[in-house]
Amino acid sequence: MAGSVTTGRTDGRVQRGEETRRAVLRRAVEIASVEGLDALSIGRLAGDLGLSKSGVFAGFGSKEELQLATVRAARRIFYDAVIAPVEEAGSTGLRRVRLLCESWLGYSRARVFPGGCFFYEVTAEFDARPGPLRDALAECAREWHGLLLAAVREAAATGGLRADADPEDLVFVLVAVLETANSQAVLFGEEAPYDRAGRTVLRLLRAEAADPRAPELA
């Protein structure tokens with residue numbers, strides 16, 4: 001009996017600890033997407049959520065670990081918002097490339113993160129600052145670019161692209177278009193950059209397609 005009571009109490013504390021951690025990270029990604037990762041602090045998050053500093057600190061241990069955990073949480077949110085819907089659609093070739101780009105624009109437009117694209121915001125803080133945070137952000141960027149590149153290469157391998165198309169160049173330009181749309185939409189408070197980016201993505205894909213009139217580019 002005593003053992004089961006102790007186990008129940010332990011399980012309850014673990015559950016509360018996990019709930020606190022999730023709440024902290026939800027608030028952390030919101031703050032960081034607007035103000036950057038350097039704006040995060042144990043004290044601020046404790047105050048925003050009505051928690052004790054010691055309780056928040058126990059879940060992370062340091063500001064850097066809090067920042068790294070925030071990046072990991074943002075990565076999961078990004079995957080669920082941008083990549084998972086395309087995976088569920090089961091698309092291939094140029095259609096997959098188009099859907100990935102449209103899904104990314106939809107994620108920024110919907111303000112899944114209050115500041116637009118979380119990674120666009122925080123990468124500018126750390127792209128010239130060597131260390132674990134830059135490494136984590138670089139890994140996230142490589143993962144997204146690699147996913148898009150794999151889709152473009154698949155399109156090329158199955159005859160969807162012109163023989164002289166360069167997949168890496170195409171991905172470079174597509175990412176630039178998406179990120180510019182995010183930046184301008186957030187800065188100017190306008191929807192037009194998303195519409196403009198969507199049209200530009202289609203023009204780029206048609207220009208590189210073996211058949212510019214392919215159904216997936218209609």
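Q: What should I know about the model and the numbering?
A: It is a predicted model, in which local features need pLDDT of at least 70 and side-chain atom pairs count only at pLDDT 80 or more, while totals for chains, interfaces and linings use all residues. Residues are numbered from 1 along each chain as its sequence is written, and side-chain values use heavy atoms, with hydrogens and water left out.

Q: How much space lies in the largest pocket?
A: About 340 Å³. A pocket here is an open set of points on a 1 Å grid over the protein atoms alone, where a 1.4 Å probe fits, with protein on both sides within 12 Å along at least five of seven lines. The volume is the space filled by probe spheres set on the points, which are joined across faces, edges and corners.

Q: Which residues lie nearest its centre?
A: Phe119, Cys140, Ala141, Trp144 and Glu179 do, out of 17 residues that line the largest pocket; a lining residue has an atom within 4 Å of a point.

Q: And which helix gives the most to that lining?
A: H7 does, with six residues. Helices H4 (63-89), H6 (118-126), H7 (132-157) and H8 (167-188) each supply at least two residues. Helices are DSSP runs (H or I, at least four residues), numbered from the N terminus.

Q: How do the residues of the lining divide?
A: In the largest pocket, 12 are nonpolar, two polar and three charged. Ala, Val, Leu, Ile, Met, Phe, Trp, Tyr, Cys and Pro count as nonpolar, Asp, Glu, Lys and Arg as charged, and the others, Gly among them, as polar.

Q: What lines the second largest pocket?
A: Its lining consists of Leu68, Val71, Arg72, Arg75, Ala136, Glu139, Cys140 and Glu143, and H4 and H7 are the elements that give two or more residues to it. Four of the lining residues are nonpolar, none is polar and four are charged. The space in the second largest pocket is about 160 Å³.

Q: Changing topic: what span does H5 reach?
A: Helix H5 (residues 93-109) has 17 residues and reaches 25 Å from its first C-alpha to its last, close to the 24 Å expected at 1.5 Å a residue; the expected span is 1.5 Å times one less than the number of residues.

Q: What about salt bridges, how many?
A: The structure holds 14, each a side-chain nitrogen of Lys or Arg within 4 Å of a carboxyl oxygen of Asp or Glu. Arg109 meets Glu191 at 2.8 Å, N to O. Arg109 lies in H5 and Glu191 in the loop between H8 and H9 (192-208), so the pair ties together parts that are 82 residues apart in sequence. Arg109 also meets Asp195 at 3.0 Å, N to O.

Q: Which residues are linked in a network?
A: Arg27, Glu30, Glu35, Arg44 and Asp48 are linked by salt bridges.
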